Amino acid sequence: MKVAIYPGSFDPITLGHIDIINRASLIFDEIIVAILVNSSKTPCFTLDEKIELIRLAIGDNKKIKIKSFDGLLADFAKNENVNIIIKGLRAVSDFEYEFQMALANKKINPLIETLFLNSSDKYLYLSSSLVKDIAKYNGDITSFVHKKTKDKIQGKLGRKDFE
Ligand code: COA
């Protein structure tokens, strides 16, 4: 069975992430969406909230599993017995950082291969911070997140004094 890991902070999951997950699931038999628990960034959403949002967004696609990890991605991959990491590339500016991470992961675990999927053009500009910023000021995030997650994200972040 061909399995790949799609890692990230998912704070929160956006349509850009979902696009990568769905396309990767056409290539692999199973995709493990791996949520980093202890990011250097302070997350807005708890791990349980992130899992719930991802679950709502991916629906009942049996090929997609959701897991979390703490520590090195290369170690998580080894524990899962998976050698393929999927990353999305949105713009050339992502490349240098992603290339560095791919090389570092390979140095830690030489069996690891990082595969890059280009972001679909309509999501090139998208990021979780952008969604959070817009939601905070009660802006419309319909075009950025899955419709089943919109109200939960808005409910958590929207400023009540802006209503
Ligand atoms: N669509 C929309 N947004 C996307 C996206 C896509 N396809 N791909 C990435 N993004 C955005 C995210 O929303 C996030 O936005 P934000 O900065 O506004 O929050 C941003 O890109 C960065 O993504 P994120 O998932 O936060 O982190 P990352 O790509 O930098 O890496 C890990 C996450 C988990 C892979 C990485 O931190 C990691 O491996 N950590 C474990 C420790 C480790 O092993 N370190 C590496 C040794 S090399």
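## Ground rules

This is a predicted model, where local features need pLDDT of at least 70, side-chain atom pairs count only at pLDDT 80 or more, and totals for chains, interfaces and linings use all residues. Residues are numbered from 1 along each chain as its sequence is written, and side-chain values use heavy atoms, with hydrogens and water left out.

Helices (H or I, at least four residues) and strands (E, at least two) are DSSP runs, numbered from the N terminus.

## H5 against H6

Two packed helices are described by the angle between their axes and the distance between the axes. Here, helix H5 (residues 128-136) and helix H6 (residues 147-157) have axes that come within 8 Å and cross at roughly 65°. Axes are lines fitted to C-alpha atoms, for helices over the stretch in contact, with angles from 0 to 180 degrees between N-to-C directions. H5 and H6 are therefore roughly perpendicular (the label for 65 to 115 degrees).

On the H5 side, Val 131, Lys 132, Ala 135 and Lys 136 meet Ile 153, Gln 154 and Leu 157 of H6, contact being heavy atoms within 4.5 Å. By class, that contact of H5 with H6 has four nonpolar, one polar and two charged residues; Ala, Val, Leu, Ile, Met, Phe, Trp, Tyr, Cys and Pro count as nonpolar, Asp, Glu, Lys and Arg as charged, and the others, Gly among them, as polar.

Gln 154, in helix H6, is buried at 18% relative accessible area (buried is under 20%, exposed over 50%, partly exposed in between, with a 1.4 Å probe and protein chains only). Its side chain reaches the backbone oxygen of Ala 135 at 2.9 Å. Leaving aside neighbours within four places in sequence, Gln 154 touches Ala 135, Asn 138, Gly 139 and Ile 141.

Asp 94 sits in helix H4 (residues 92-108) and is also buried, with a relative accessible area of 13%.

Most residues other than glycine have a negative phi, and most peptide bonds are trans. In the loop between S1 and H1, Phe 10 has a positive phi of about 50° and is buried at 3% relative accessible area. A cis peptide bond joins Asp 11 and Pro 12, with omega about 5°.

Asn 81, in the loop between helix H3 (73-80) and strand S4 (84-89), has a positive phi of about 65°. Asn 81 is exposed, at 71% relative accessible area.

How values were computed: Angles under 35 degrees count as roughly parallel, over 145 as roughly antiparallel, 65 to 115 as roughly perpendicular and the rest as oblique. A polar contact is a pair of N or O atoms within 3.5 Å; within protein, one must be able to donate a hydrogen and the other to accept it, and residues adjacent in sequence count only if both atoms are side-chain atoms.
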